[in-house]
Amino acid sequence: MITAALLFAFACFGVGLLMCLWRMLVGTDSADRILALDTMVINVIALLVLYGILKGTAIYFEAAMLVAMVGFVSTVAYCRFVLRGDIIE
Amino acid sequence: MASVSEILIAFFIVCGGLFGLVGSFGLIKLRESMQRLHGPTKATTLGIGCVLIASMLYALLVKDTVSFHELLITLFLFLTAPITANFVAKTYIIRNIKEDDLPGSQSEYGWSVYDDPPPTKGE
Amino acid sequence: MISRLIPHPLLSITLTLVWLGLVNKVTPGNLLLGAIFGLVVPMITAPYWPDQPTLRRPLVVVRYILVALSDIVVANVQVALMIAFKPNANFKSRWITVPLELTSPEAITVLAGTITMTPGTLSAMLSADASSILVHCLHTEDPEGEVANIKQRYERPLKEIFE
């Protein structure tokens, strides 16, 4: 039962990733693309955690944690770059 | 076969998946950029919250170990999601919206993207 | 003396808890190591934290967190249903201005974060003198009601907590 639920959630987040990818390609504005990238990061974190449940190991948590941190920093860096044209002042 | 704990865990996993899907769906469905910002900051964050709760329950009920470092990821995401949203909103506003399109700030100074702060309170 | 050694008690406690979360096991050794981190890190970084935010009324803090959490869950369900089933033409999105009574930066930060995480609203910007906050509503029939709701539900407890 848990395995079935996991497969369903994998499908959900996978489709979500594709939707984000589409928004990132179509865009219309840099802000949209940054937002799509950020959402992709969140989806990837969820996928990692779910994979950890499926495999019954805690190793993937460190990966999820690192992805969360790096994703946040990269989103802020992108925004700053678009806002100021520079990341480190 | 399916015990109560399994049903509970499966419920949280399915909920998380649905919320994540809706959050990403909002990205392609909504028409305006500012509307699109609402989807990921809310639905996706709760989706990931559900997944992490499911993971904690799984460790607790199925594997009989206590695991609470999921809380760290949840906390981190809840702290960073508003900041990300704020940054993206600012990025969008500064590139696409003129000051006249926004409502007034109801004070003598305008919005911070367009106006400099008062000199005495400089940061 | 105590204030030199432990400049930020809250930060020390948080660091200890975060360390315990990272190692994911509560043993005396981990607790000791976490406590050492909680003592040393604030001391080293003290120059970067010039003033200390004061938290009053712990009961109000707990109630605020509970209210915010329940609002987040309700809001997420609402927004998810709206995104999934409402036709795009029916969305009435608009900007609203919320004048602030809060003055401390920490309180304004918490308020902005809460606004973003709760029902259909998203804080976008402060005015240059931090006296009002620009909020985007995903769907609202009653802008004044939203402003009153934010002020009543979130700003008032924050004012009690921080000021």
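Helices here are DSSP runs of H or I at least four residues long, and strands are runs of E of at least two, numbered from the N terminus. With that in hand, chain A of this predicted model is quick to read: going along the sequence, you get α-α-α. The tally for chain A is three helices and zero strands.

Now for the overall shape of that chain. Even so, buried residues account for 44% of the 89 residues in chain A. As for how chain A contacts itself, take the contacts between residues at least 6 apart in sequence: 42% of them join residues at least 24 apart.

Next, bring in the partner chain. Between the two chains, 43 residues of chain A are in contact with 45 residues of chain B. Which elements of chain B give two or more residues to the side that touches chain A? They are α1 (4-29), α2 (33-62) and α3 (70-96) of chain B. Of these, α1(B) brings the largest share, with 15 residues on the side of chain B that touches chain A. Sort that side of chain B by class and you find 25 nonpolar residues, 15 polar ones and five charged ones.

Definitions and conventions:
Residues numbered from 1 in each chain as written. Chains lettered and ligands numbered in written order. Predicted model: local features only at pLDDT ≥ 70, side-chain atom pairs only at ≥ 80, totals over all residues. Contact = placed C-beta atoms within 7 Å. Nonpolar A, V, L, I, M, F, W, Y, C, P; charged D, E, K, R; others polar. Buried ≥ 20, exposed ≤ 12 C-beta atoms within 10 Å, placed from the backbone.
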